[in-house]
Amino acid sequence: MRKAEQLVQGVLQGNRRSIAKTITLIENNEPEAPKIVSVLYQQTGKAHVIGVTGPTGSGKSTLIEKLIRELRRRGKTVGVVAVDPTSPFTGGAFLGDRVRMQEHSTDEGVFIRSMANRNATGGLAKATKDAVRVLDASGKDIVIVETVGAGQSEVEIVKVSHTVIVVLAPGLGDDIQAIKAGIMEIADIFVVNKADRQNADKSLSEIQAMLEMNTEKKGWKPSVLKTTALTGEGITELLARIEEHKEYLKKGALEASRKDQVETELVEAIKQKIAESMVEDLKRKGEWEKLKQKILAKETDPYSVADRLLRKLRRN
Amino acid sequence: MYTPEDIRHFDYVKDLGFPGEYPFTRGLHATMYRGRLWTMRQFSGFGTAEQTNKRFKYLLSEGETGLSIAFDYPTIMGYDSDHPMATGEVGQCGVAVSSLKDMEILFDGIPLDKVSTSMTINGPAAMLLAMYVAIGDKQGVPREKLDGTTQNDNLKEFFAQKLCIFPPKPSLKLSTDIIEYCARHLPNWNPISISGYHIREAGSTAVQELAFTLADGIAYVESALERGLKVDEFAPRLSFFFASHNDFFEEIAKFRAARRLWAKIMKERFNTQDPRSLWMRMHVQTSGCTFTAQQPVNNVIRVAFQSLAAVLGGTQSLHTNSFDEALALPCEDAVRVALRTQQIIAYESGVTDTIDPLGGSYYVEYLTNKMEERATEYIDRIDAMGGVASAIERGFFQKEIADSAYKYQKEIESKQRTLVGVNDYTVEKDWVPMELLRVHPKVEEEQVARFQKMKKERDNRKVKEVLDKLHDETDKDRNLMPTIIKALKAYATLGEITEVLRTVFGEYRELIVV
Amino acid sequence: MSTERKIRVLIAKPGLDSHDRGAKIVARALRDAGMEIIYTGLRQTPEQIVETALQEDVDVIGLSILSGAHKVLFPKIMGLIKEKGIDDMLVFAGGIIPHEDIHDLKKIGIKEVFGPGTPTGVLVKFVQENTRK
């Protein structure tokens, strides 16, 4: 456990090697990982976490690069977790998001980490949330999480972020249609990037129209704005909106959203722990294979088995 | 086997025509190599301007008929030799040219009205052309006599060669500035060499090379038209640059199809009147990426076949690679073998006695038709995407090329494709008959010292003045050639000028497509 | 829960040259062999490469260069790797590198140098056999 303690100390002091090693432990789900995360958990909650999502080609990475630049100019430290998909066929992944941010790689106030989602559902790596915590605990003022938004599955980003930015670009019109169902609810800020292109205004008004129709979301009314990340136009305004949203959260919404997040996370943790222990138990007793055979033979079904297991658990 | 069946609808006049006649399948000129051989142009440059000047004089004395300058990476990327990014790179892969001073040394004793010079330069093409103009002025050579080519094909940089400095829009603007300036002031200069070579070297197929190059050509014509030029004012000076790869007949068909397709595009799409606007004048280089580091002498044979294909395909100009290039920069002996290869084809093989000797071959005509058809399909797709610029933004070319490159590599590894000396017929120990050329680390020191001395001695007040003016003109979106010439004459450096442009245009960051 | 270790590889391009065909083919082959590839893009300084390796905590660094500047840049990179204490990472190189330089490069800690024509299978095997996992 000495190694774990050293890593925790290192992370809390902002040591880059320790941060990197800790994230690797978490990613690989090493035995020390849960302990480290739970110690670090006490030290989190200071960073503002911004989720950035949107389809391929919308210019997310360039936008983030410009955000980093402006945040650094204002003296803020920044952590970035860039998530890319793992190939379901080979298990490999190509992580190329940081190419656009490379000029910040040698800046002491910036830490960038690429992660493959390792086939976690929801598009977000399982370990993403904990990686964000590590960066938070290491003292970063802002942590940005980047994911490729393909649609429905992206709602996961809400669970790790305080402010969610959905980035779109004109000319990707079909994509707007395709992903709107998934992203309407999650965006706190919509950005129409590549605003120097034709039809930027059209995209803008399309989104506004969609928002008009969607009256379900209460409280915060999502902002919509244009940027041209390539030239940096609109970045200052985007940061102002992020700031506004942060203020809004401070007035109580943050508490509520944190409670929501804690709740989801608690439920998931319980699910995972109990399921794991039950499965292990069954395997140890040699019942696992038998159960599977019975289900295959249609003698019983997964739900009946689960019900029976739960009753047994309650009795104990 | 191929028979008349494979070219059933073949129409001699429509599909081939006579040499020198539309659609130029058989060659641009009526007499072809019987009248005049192709230009033997060896790409060279390394170390300091003095060293390359010596190599140029050697090549001219050995019978070369045109110069072709290779610049080092700092020059290509618009950095002066003393820039931190230039560390370790100065003079390595070409000659270092940071200011007019270096260019003066490079052309010392070489009268510009007696040679034609090709410069492989894109992002900073305007600056290097401006230096050439300035040297011409100093030598008292009238500008209309300056003969040569600037590669100046910035579009292909974004998806093939990837030596980009500025974003696509200003890059295309700079290319167009040169096209416009040459149309008005340098009637004998080829302002652009629209290049498939790098597309192919990046891993494309022959069809992709052909299609993407012609698509780029269309984009340049459109850009110059938008600038207000008339098509016949600049189209005759557009030139092209292709690779000659291993597949002998496919390459010959590619060159023939390229000429025919371009002529059709110019006639049908752009409605040209001047017959010379229909000409696709091409330079060909043997394909460096076919070279193997294993048994390097085998590369001599590859070059021989590839250059024969270029000649049978009717090229205007040819560079033959030196067999040691998979190992290092070519040494003098290897360069001579490369040049001799061209001379043997020209003077011994007899292939130059007959014009388009393969014309009418069932197979070659069939293949020429196929190349044209498949390239046209690609061009239609690119048109549908909204042209080259939007195709670049979507990563279309990048993806196509990366896929082809990967497929080729896999074919070699699975031995579907035999690469002699690599996946078959291998040997334990390679035979390299000569010493490799090494660029001495001292070169960087010397170059930087000379450069910094020059900067101290020039009139720095004047430099600042002219750079401010350049900033102003860039802001106002004027044609930058005249001011760049002035700036260089005042010994403003390549890096300083590029920096001014970077400030206004921004810097390009690549789109990664794997 | 099972541990899910993956070999993480940084493919980096120092130097000013833009020949990324080889680097990308290598990246793709390693990815197809189930590894996670972090790509830096072109023209990276030694500082950027080493700092990226550190933040990404990779197991392997692959350097690709064809500009001839390896004699200056590689020693710089290897020096920084030592300085930052990440010399447990496996480093290999590829590109146009004269045979006579290879000995010197191995002396400074570059495990292997691969020239043009190396089958990707050889590389994949090399990485798999030389990583601790």
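Predicted model: local features only at pLDDT ≥ 70, side-chain atom pairs only at ≥ 80, totals over all residues.
**View 1. Helices α18 and α19 of chain B packed side by side.** Start with α18(B), residues 460-475, and α19(B), residues 481-489. Their axes come within 9 Å and cross at roughly 165°. Anything over 145° counts as roughly antiparallel, so that's how α18(B) and α19(B) run relative to each other. The crossing of these two helices is left-handed. From α18(B), the residues to look for are B:V466, B:K469, B:L470 and B:E473, which meet B:T483, B:I484, B:K486 and B:A487 of α19(B). Sorted by class, the contact between α18(B) and α19(B) has four nonpolar residues, three charged and one polar.

**View 2. Helices α2 and α5 of chain A.** In chain A, α2 covers residues 16-27 and α5 covers residues 128-137. The two pack at about 160°, and their axes sit 9 Å apart. That angle makes α2(A) and α5(A) roughly antiparallel to each other, and their crossing is right-handed. On the α2(A) side, the contact is made by A:I19, A:T22, A:I23 and A:I26; α5(A) brings A:D130, A:A131, A:V134 and A:L135. The tally for α2(A) with α5(A) is six nonpolar residues, one polar and one charged.

**View 3. Helices α11 and α14 of chain B crossing at an angle.** Here α11(B), residues 248-269, meets α14(B), residues 362-384. The axes come within 8 Å and cross at roughly 50°, which makes α11(B) oblique to α14(B). The crossing is right-handed. By class, the contact of α11(B) with α14(B) has 12 nonpolar, nine charged and three polar residues.

**View 4. B:S81 and its surroundings.** This serine is in the loop of chain B between α4 (73-76) and α5 (100-106). Is B:S81 buried or exposed? Its relative accessibility is 3%, so B:S81 counts as buried. Two polar contacts involve its side chain: one with the side chain of B:S98 at 3.0 Å, the other with the side chain of B:Q447 at 3.2 Å. Setting aside neighbours within four places in sequence, B:S81 also touches B:A86, B:V90, B:A96 and B:V448, besides B:S98 and B:Q447.

Definitions and conventions
Residues numbered from 1 in each chain as written. Chains lettered and ligands numbered in written order. Heavy atoms only, no water. Axes fitted to C-alpha atoms, helices over the stretch in contact; angles between N-to-C directions. Helix = DSSP H or I, 4+ residues; strand = E, 2+ residues; numbered from the N terminus. Parallel < 35°, antiparallel > 145°, perpendicular 65-115°, else oblique. Left-handed = near helix turned anticlockwise from the far one by under 90°. Contact = heavy atoms within 4.5 Å. Nonpolar A, V, L, I, M, F, W, Y, C, P; charged D, E, K, R; others polar. Buried < 20%, exposed > 50% of the residue type's maximum accessible area, 1.4 Å probe, protein only. Polar contact = N/O pair within 3.5 Å; in protein donor to acceptor, adjacent residues only side chain to side chain.
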